[in-house]
Amino acid sequence: MKPLSMMISTLALSVLSVASNVAIADGTGIVNSNLTQSSLPPSISLPNVSPINNDLANRGAYIARTADCMACHREDYSGGVPIETPIGNIYSTNITPSTQYGIGNYTEADFTKALRKGRAPNHQLYPAMPYPSYHGMTDDDISALFAYFQTVPVVDKPPEKTTRLPFPLNIRSLMLAWNVINVPSTKSRTGLTPMQQRGEYLVNNLEHCGTCHTPRNLTQGLDKDGYLSGAPLGKWFAPNITPDNDTGIGRWSERDIVTYLRTGKIDKRAYAGGPMAEAVGHSTRYLTDEDLSAMANYLKVIPAIKTDDYLIPVNVARLPNPISSSITYDLLEQKDYLAQAKTNTSKTSSSDSSKSSAESSSKALYLAHCGSCHGVDGYAQPDARYAAIVGLSSIRRAKPDALIGVIAFGAKGAFNTAPKMPGFEKDLSPAQIASITNYVRVNFGGLPSSEVSAADVKRVIKEKS
Ligand code: HEC
Ligand code: HEC
Ligand code: HEC
């Protein structure tokens, strides 16, 4: 039998990428909303707000957005979304007002306890439900949320999948000991302006940004000393978002942060993929300008933490210019390389390609496997919603791990109409993935050089598998 402390620490959960499994927009009509739209809507319309509901319920609908309930419980709150954790998948539950399968029998006091203490009427919840963050939610916000949940259409069926953990992990009351150490998950700062206090409340308690961006302590709770300084997240990495200039977002203006949270991208700088696409797609893009600005303003005054994950600043002069936005151009440009790539693919997988052909073969590999979506020039095809990858922070990290992870395992955006990037782990050898990684970093990231090796790729695949 393991000692209790060990059991608790294995029990403890890190909320990993719910991304790949969440099908959004199931019948909610948000399919047409476009993440890549860069102009701000004159007034934000919330898909979960209904004019027939009262003001309190509609305020609750907005709070549900800011607290991102949908990323885990689905847009219709029917649940069944797996949250990957070190001890296995924890499935979210039905939180519609169904009396049989949902929370239809909850009183407001029950609802408050579930949000603040992770305590459902008959059992303790696992912290895959972010109650350590919701712990600090105000009474007013919880009342509004509760009013809103009474208006949500009932889904009278159980989630497709439910949590089944083996003994002793299924002993939910073990979480009580964990809670003593890890709830609340953040501490409030002093000396903040009212705007920054609002930003802190949003970042810490509603949006729970730290569940992804803060590293974990030994019991897998949030490590308060590493607050928002970046953490591995399943096959992804959530970067440092403290205001450090070299490893965080110190060089971003508040406007940049607002633009990123609103649109999911900043031209030639950053892109919200995977789990961050979820956060933007379900939540931040719907927030008011005031709330986004409050978060941006707050993120500028938290302690800057320098990590070892250096970001190489964009060297604009080294970035390619968009050549042509015509698909015909891309296809013609690709043609020769595709032919060349075919011969090279068979060569490079068996033996190391000779140094002299390395550059052309890496370009050929890029064009053959990536070019049809991301474009010859890295600016992506104009009509399909593929990501432009020129200048992105994720390809300018001194550590190539996050980029290797995306190439090896692929990526899925937040919208089920958006195309999915396949993973290349099976189709390409580690040497080929290394070669493409180097090509992308130098040609689209503006890095002076890149020396990612097949061994690096093998290590990352092993760590993230
Ligand atoms: C990061 C994922 C995540 C987010 C965000 C999230 N939940 Fe949950 N929630 C879960 C999971 C997983 C469970 C089931 C936990 C378990 O079985 O121990 C759960 C359980 C619950 C329960 C208990 C239901 C029951 O009786 O079984 C309620 C109530 C609930 N969530 C409400 C909410 C509300 C309201 C929000 C938004 C304010 C929210 N959740 C946001 C993951 C999440
Ligand atoms: C579900 C996990 C998750 C949540 C919740 C989340 N993030 Fe992220 N965030 C990520 C990941 C993963 C990335 C990397 C995305 C990429 O490179 O495509 C990221 C990227 C970012 C970046 C870009 C950093 C850079 O250097 O490019 C910013 C800024 C950011 N997040 C801020 C926030 C804020 C503010 C919140 C809360 C409102 C938040 N995130 C919530 C996972 C998350
Ligand atoms: C079928 C189309 C497709 C192909 C082929 C493809 N990608 Fe992608 N790629 C995408 C999409 C779509 C996204 C955005 C995913 C998201 O929003 O999570 C993306 C995202 C990216 C990102 C941004 C990661 C981030 O979030 O910061 C990089 C870098 C990237 N791809 C590189 C590559 C490379 C290198 C290849 C070739 C080995 C490749 N892609 C092949 C469609 C594709």
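This is a predicted model: local features need pLDDT of at least 70, side-chain atom pairs count only at pLDDT 80 or more; totals for chains, interfaces and linings use all residues.
Visitor: Where does one begin with a ligand, and which residues come nearest to ligand 1?

Guide: One begins with the residues around the ligand. Ligand 1 has 27 residues around it, and Cys69, Cys72, His73, Tyr106 and Met129 come nearest.

Visitor: Which polar atoms lie close enough to ligand 1 to count as polar contacts, taking pairs of N or O atoms within 3.5 Å?

Guide: Each such contact pairs an atom of the ligand with an atom of a residue. At arginine 172, a polar side-chain atom is 2.7 Å from an oxygen atom of ligand 1. Tyrosine 126 contributes a polar backbone atom, 2.8 Å from a ligand 1 oxygen. For threonine 93, the distance from a polar side-chain atom to an oxygen atom of ligand 1 is 3.5 Å.

Visitor: Which helices and strands each supply at least two residues of the shell around ligand 1?

Guide: They are helix 3 (69-73), strand 2 (90-91), helix 4 (108-117) and helix 6 (139-151). Helix 3, strand 2, helix 4 and helix 6 also each supply at least two residues of the pocket lining.

Visitor: Let us turn to the other ligand. Which residues come nearest to ligand 2?

Guide: Of 24 residues around ligand 2, the nearest are Cys209, Cys212, His213, Met276 and Ser393. Its shell consists of 17 nonpolar, five polar and two charged residues.

Visitor: Which residues place polar side-chain atoms by an oxygen atom of ligand 2?

Guide: Serine 393 has such an atom at 2.5 Å, and arginine 397 has one at 3.1 Å.

Visitor: Which element gives the most to the shell around ligand 2?

Guide: Strand 4 does, with three residues. Among the other elements that supply at least two are helix 9 (210-213) and helix 12 (289-299). At the level of domains, domain 2 (194-299) and domain 3 (316-464) each provide at least three residues of this shell.

Key:
Residues are numbered from 1 along each chain as its sequence is written. Chains are lettered from A and ligands numbered from 1 in the order in which they are written. Side-chain values use heavy atoms; hydrogens and water are left out. A residue is near a molecule or strand if one of its heavy atoms lies within 4 Å of it. A polar contact is a pair of N or O atoms within 3.5 Å; within protein, one must be able to donate a hydrogen and the other to accept it, and residues adjacent in sequence count only if both atoms are side-chain atoms. Helices (H or I, at least four residues) and strands (E, at least two) are DSSP runs, numbered from the N terminus. Ala, Val, Leu, Ile, Met, Phe, Trp, Tyr, Cys and Pro count as nonpolar, Asp, Glu, Lys and Arg as charged, and the others, Gly among them, as polar. Domain bounds come from an automatic or database domain assignment.
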